[in-house]
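Hello,

Here is the structure for you to look over. Please open it first, then read my notes below.

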Amino acid sequence: MYSPRLETFIRVAETGSFNKAAEIGYITSTAVIKQMNLLEDDIGVPLFIRTHRGLKLTKAGESLYKDVKYIIQYSKDSIERAKRAEREEENVVRIGTSPLTPPEALLSLWPKIHESFPSLKFRLIPFENTPENAVEILANLGKNIDVVFGVFDDTMLNLRKCQGLIVDYMPLGVALSVKHPLALKDKLEPEDLIGENLYIMHRGWSSYVDSLRDYILLKYPEIRLKDFDFYNVDIFNRTSESMDALIATGLWKSIHPLLKVIEVDWDFKIPYGILYSTEPSDMIKNLIDTLKTINPEAKNY
C-alpha cells in the first residue's frame with residue numbers, strides 16, 4: 001500500500017512550502033519535514049531544491065509527482081475493493097476514461113446492452129494519459145479498471161498485453177488550429193497538406209498509422225512529417241498553439257476548443273473498440289459476448 005508520506009509530498013509539491021503543507025494536513029511543519037526527509041532517504045534521491053522563493057521540485061521530484069496521484073488513487077481503490085469483497089457482488093463494469101479515451105460509443109449501445117444485461121452497471125474511472133499510466137492500466141485491466149475504449153491494433157495489444165474488441169474503424173484525419181486557413185474547409189485533399197508540418201506518431205506505434213506514413217512519403221514527400229512519442233493533451237495543446245497539423249480521429253473532435261478535426265480524402269482508418277484483460281472475468285466475457293450479438297460486425301482483433 002502507498003505511504004501517507006506521498007500525500008504529504010503532494011501537498012508540499014503543490015504549495016512549495018513545508019508550512020503551508022502542514023496547515024493543509026493538520027500536522028506540524030516539523031512532522032512534514034521529517035516525512036519528506038524519510039521519503040528522500042527511502043527513494044535515495046533529493047526531491048526538493050530550497051530557494052529564496054520556497055521549495056522547487058528536482059527532476060526526480062517532478063517525475064514522482066506525475067505518478068504519485070495515480071498511485072494514491074489506485075491504492076485507495078484497492079482498499080475499497082477489499083472492503084467490498086465480503087459484500088454482495090455488484091455487476092459493475094469500471095470504464096477507464098480520459099480526454100483521449102471517451103466512452104461515447106457506449107451511449108449508442110447502452111439501450112441494447114441493458115436489454116440483455118438489465119442488472120449491469122457502469123462506473124467511470126478517470127485517469128491521466130501518460131506513457132506510464134498507459135503501461136500500468138492496460139497491463140492490469142480487470143484490477144482497478146475493467147475496460148478502456150480507444151483506438152488500437154495488434155502492435156498495441158501485444159505491447160500492452162491486453163485484448164481488443166473492434167467495434168468500428170475510425171478514419172484518420174487531421175487536427176488543426178481553428179486559426180489555420182485550412183480549418184475553413186470541412187474536408188481536405190492530401191494536396192492541401194503539401195508544405196505543412198504534420199505531426200504523426202513514431203513508426204512502430206501502429207501498423208495503420210505506419211501505412212499512412214508510407215503513403216504520404218511516397219505520394220506527397222512535400223508534406224513535412226514530424227514524429228512525436230505519445231498522444232496526450234500536450235500534443236493537442238501544441239497543435240492548437242501552432243500552424244501545424246496533427247494526425248487525429250473524430251474520436252478526439254471535442255478534446256480542445258481551439259482545434260478542428262477534419263476528414264482527409266484518403267482511405268486510411270484505425271480500429272476502435274474496447275480494450276480488456278487477457279483473462280477477463282465472467283462479467284466482462286458476458287459483456288463482450290453481448291456486444292458481439294448487438295453488433296455482428298464487432299470482432300476480436
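What follows is a short account of what was found, from the whole chain down to single residues.

Please keep in mind that this is a predicted model.

**Overall**

The protein has 301 residues, and 48% of them are buried. Its secondary structure comes to 10 helices and 13 strands. The C-alpha trace spans about 65 × 55 × 30 Å along its principal axes. Take the contacts with a separation of 6 or more: residues 24 or more positions apart account for 74% of them.

**Cavities**

Rolling a probe the size of a water molecule over the atoms shows where empty space is left. How many cavities of 30 Å³ or more does the search of the whole structure find? There are 3. The largest cavity holds about 330 Å³ of space. Its lining is made up of 22 residues, and those closest to the centre are Thr101, Asn129, Ala134, Met156 and Phe230. Three elements each give at least two residues to this lining: helix H6 (131-139), strand S5 (147-151) and helix H7 (154-160).

**Gly142**

Gly142 sits in the loop between H6 and S5. Gly142 and Ser281 are 139 residues apart in sequence, yet their C-alpha atoms are 7.4 Å apart in space.

**Ile113**

Ile113 belongs to helix H5, which covers residues 105-116. Its relative accessible area is 0%. The cut-off for buried is under 20%, so Ile113 is buried. Which residues is Ile113 in contact with, leaving aside neighbours within four places in sequence? They are Leu106, Leu120, Phe122, Leu287, Thr290, Leu291 and Ile294. Ile113 and Arg160 are 47 residues apart along the chain, and 27 Å separates their C-alpha atoms.

Best wishes

Note on methods. Residues are numbered from 1 along each chain as its sequence is written. This is a predicted model: local features need pLDDT of at least 70, side-chain atom pairs count only at pLDDT 80 or more; totals for chains, interfaces and linings use all residues. Side-chain values use heavy atoms; hydrogens and water are left out. Helices (H or I, at least four residues) and strands (E, at least two) are DSSP runs, numbered from the N terminus. Buried means under 20% relative accessible area, exposed over 50%, partly exposed in between (1.4 Å probe, protein chains only). Contact means heavy atoms within 4.5 Å. On a 1 Å grid over the protein atoms alone, a cavity is a set of points where a 1.4 Å probe fits but cannot get out, and a pocket is an open set with protein on both sides within 12 Å along at least five of seven lines; lining residues have an atom within 4 Å of a point. Grid points are joined across faces, edges and corners, and a volume is the space filled by probe spheres set on the points.
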